[in-house]
Amino acid sequence: MYKISKGLNTNGTAKIDNKNLRVYTNDILNTYVKVYPDSGKYEVPRSLLTGVALDDKNILTSYNGLVETDLEVYVKGIGGDFKNKYKAQIVAKDKKLDLAVIRLVDSTVILNQGVFPITEKEKLISERALVLGYTMPTMMSDDIKLIEGLISSTSGVGGSLNEYQISAPVKKGNRGSPCFDKEGNFIGIINSGVVSEDNVGYSLKAKHVADFLKSQNITFKTVKENHLSELPLVSKVEKLKKAVYLIELTDMEPPKPPERRKWKR
């Protein structure tokens, strides 16, 4: 990419997404919508999240970003396919915990289910934390990313005992990402990071995830025995990532032009 001065801009990237041009430079994302010839619906992703399959229809993700009623929710990455996306609807949510469950509308589409156990046992400071999610997909790629860190505190924002603080570089797109320990056990879900810090993230603890799902009568289908603990990291990731999906929140109407002011003489 080049600047107006014709100098090379090394701090940016551009990609075609949903027939729109998305340009990311200097931490600013601009979307250029194709308006002629008419290509049908205007699909401008408002934001992107990560989610983890609870069973073959339901996905657990973050509540943040799903609160606006004018958004369409879509799931991408089913069977490794990022060209097609599948509509979903919100079936459960908890604003305080920042959790939501979305369900695929198309009953013929099947999700890969989790192959990992859940541990509600409190993790200790210095234990390893593995996060699988779609880190900054508009800038990087639609490929799933692994980010790794340590549990740096057993309390979260403002001393909240609901969360772990982890030393992993949580970025945009990681909200809703599942968090695992070194054995491959599900230990929580990413619900926030700190914009000004590179290695600070927060994960809601698995106990509170389990309590939320129980209160909603939603089952998290996982295995009771851990068959991942003895596998090398690359093999663990290959199995774990199959249940992790990209969630796209999309505006379906074109932005309205600003109204012109009428001046009276």
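## About the model

The structure is a predicted model, in which local features need pLDDT of at least 70 and side-chain atom pairs count only at pLDDT 80 or more, while totals for chains, interfaces and linings use all residues. Residues are numbered from 1 along each chain as its sequence is written, and side-chain values use heavy atoms, leaving out hydrogens and water.

Helices (H or I, at least four residues) and strands (E, at least two) are DSSP runs, numbered from the N terminus. Let's start with strand S14, residues 201-205: 5 of its 5 residues are buried, so the strand is largely enclosed by the rest of the structure. Here, buried means under 20% relative accessible area, exposed means over 50%, and partly exposed lies in between (1.4 Å probe, protein chains only).

S14 pairs with strand S11 (residues 163-166) in the antiparallel sense, over 4 bridges; two strands pair if DSSP finds at least two bridges between them. In this pairing, Ser203 of S14 has Tyr164 opposite.

## Two helices, each with a buried side

In helix H1, the buried residues are Ala206, His208, Val209, Phe212 and Leu213. Viewed down the axis of H1, they fall within an arc of 165 degrees, so they line one face of the helix. The arc is that of the directions from the helix axis to the C-beta atoms. Lys214 and Ser215 are exposed on the other side of H1. After H1 comes Asn217, with a positive phi near 60 degrees.

Helix H2 has Lys236, Val237 and Leu240 as its buried residues. These cover an arc of only 95 degrees around the axis, which puts them on the same side of H2.

## Ile218, between the helices

Ile218 sits in the loop between helix H1 (206-215) and helix H2 (233-240). Is Ile218 buried or exposed? Ile218 has a relative accessible area of 12%, so this residue is buried.

Leaving aside residues up to four places away in sequence, Ile218 touches Leu54, Ala92, Val101 and Leu213; contact means heavy atoms within 4.5 Å. Asp55 is 163 residues from Ile218 along the chain, yet their C-alpha atoms are separated by 9.4 Å.

## Who lines the pocket?

The second largest pocket is lined by 13 residues, and Gly77, Gly80, Tyr134, Lys241 and Lys242 lie nearest its centre. A pocket is an open set of points on a 1 Å grid over the protein atoms alone, where a 1.4 Å probe fits, with protein on both sides within 12 Å along at least five of seven lines; lining residues have an atom within 4 Å of a point.
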